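Here's a quick tour of a structure that may be new to you. Take a look first, and then we'll walk through a few spots.

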Amino acid sequence: MTSRVCAIRDKVQSNLPGMLVALLVAVAAQFVAEHYGAPAMLMALLFGIALNFLGQEGRAVPGIVFSSRHLLRVGVALMGARISVGLLADLGAPVIAMLILGILLTIAAGILLGRLLKQDQDFAVLSAGAVAICGASAAIAISAVQPRTERSEQQLMFTVLGVTMLSTIAMILYPTITAAFGMSDHMAGIFLGGTIHDVAQVVGAGFSISDDAGKTATLVKLIRVSMLAPVVISMSLIYRRRGAGGAASGARLPGFVIGFAVLAAVNSLGLLPEIVKLTLQHLSGWALLIAIAAVGLRTRLDQILQLGPRAIALMVAETVFLALFVLGVCRLLG
């Protein structure tokens, strides 16, 4: 028992400096986000990249590595507290069918476009999944079940940076699209929630139109988030069946996916008190923000840019595909 306690103490002492560095970067990013309206995830990533020398060598490295790998899984698992079956009933079958079909078609289109643009298939799946489901959070979850390669973190960072910037552009541009097509506030909310990648930008775009549009957009977005668990479970099984090594291998499903599903089930049964639910949601946001800061601290900008213009074209094409699909369905429904 004594040796185990000593091992835990040594582990904490080894990881603490790097975890504190990642926490400080996350706090700075949150401060900028709250006071200047910039996306917190993007700020955490950029601040981390600017300080990447701290993640290359020195006492902070173990804690930064720990935060980038383990805290992100904790954050994704805790996202389950946002999901409940009641959300599905509030929207109706046609909208839910649209969201499910949109996710599947966007991932399929991403794989096909990736082949046409001669991109790595894992990167095509990663970027398409992030675009289709919930941006940076989905990228983190999907990356965790993909085979580990020397380009894994480079591809993850590129995807997080890409979906965050595209979400910000969409937050500004998409409300004008809904106005141009004469959509009602309710239908505009469905379009925004069904197309914009990150939750924060969905909220910003929706409430910039009206309260009704904002509430509908947020609800639709949370339904997309709820698809994260089944998609990641399916990907994990596919990679394992193919005999892929790394994070996808092993006899069991990833613990963070199970945690997500369990929390969503418990929340659906109404067993989570409101204060507990809000606390878990708050902890999830901070865990993901610290994890993104840590991944940024381990990343060099020149390595990200090595993926090149075709990778950018792939993510833009996936985003446009999803927007056109949802727009077409909204026109039919509206």
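Let's start with helix 2 (residues 40-50), which is mostly covered: eight of its 11 residues are buried. Those buried residues are Ala40, Met41, Leu42, Met43, Ala44, Leu45, Gly48 and Ile49. Here, buried means under 20% relative accessible area, exposed means over 50%, and partly exposed is in between (1.4 Å probe, protein chains only). Helices are DSSP runs of H or I with at least four residues, numbered from the N terminus.

A note on the source: this is a predicted model, where local features need pLDDT of at least 70, side-chain atom pairs count only at pLDDT 80 or more, and totals for chains, interfaces and linings use all residues. Residues are numbered from 1 along each chain as its sequence is written, and side-chain values use heavy atoms, with hydrogens and water left out.

Next up is the salt bridge (a side-chain nitrogen of Lys or Arg within 4 Å of a carboxyl oxygen of Asp or Glu). The count comes to one: glutamate 274 pairs with lysine 277, with their closest N and O atoms 3.7 Å apart. Both sit in helix 14 (residues 274-297), three residues apart, or about one turn of the helix. An α-helix has 3.6 residues a turn, so residues three or four places apart point the same way.

Here's how the two partners, plus leucine 23 from helix 1 (residues 2-36), compare in cover:

| Residue | Relative accessible area | Class |
|---|---|---|
| Glutamate 274 | 47% | partly exposed |
| Lysine 277 | 18% | buried |
| Leucine 23 | 33% | partly exposed |

Technical notes. Helices (H or I, at least four residues) and strands (E, at least two) are DSSP runs, numbered from the N terminus.
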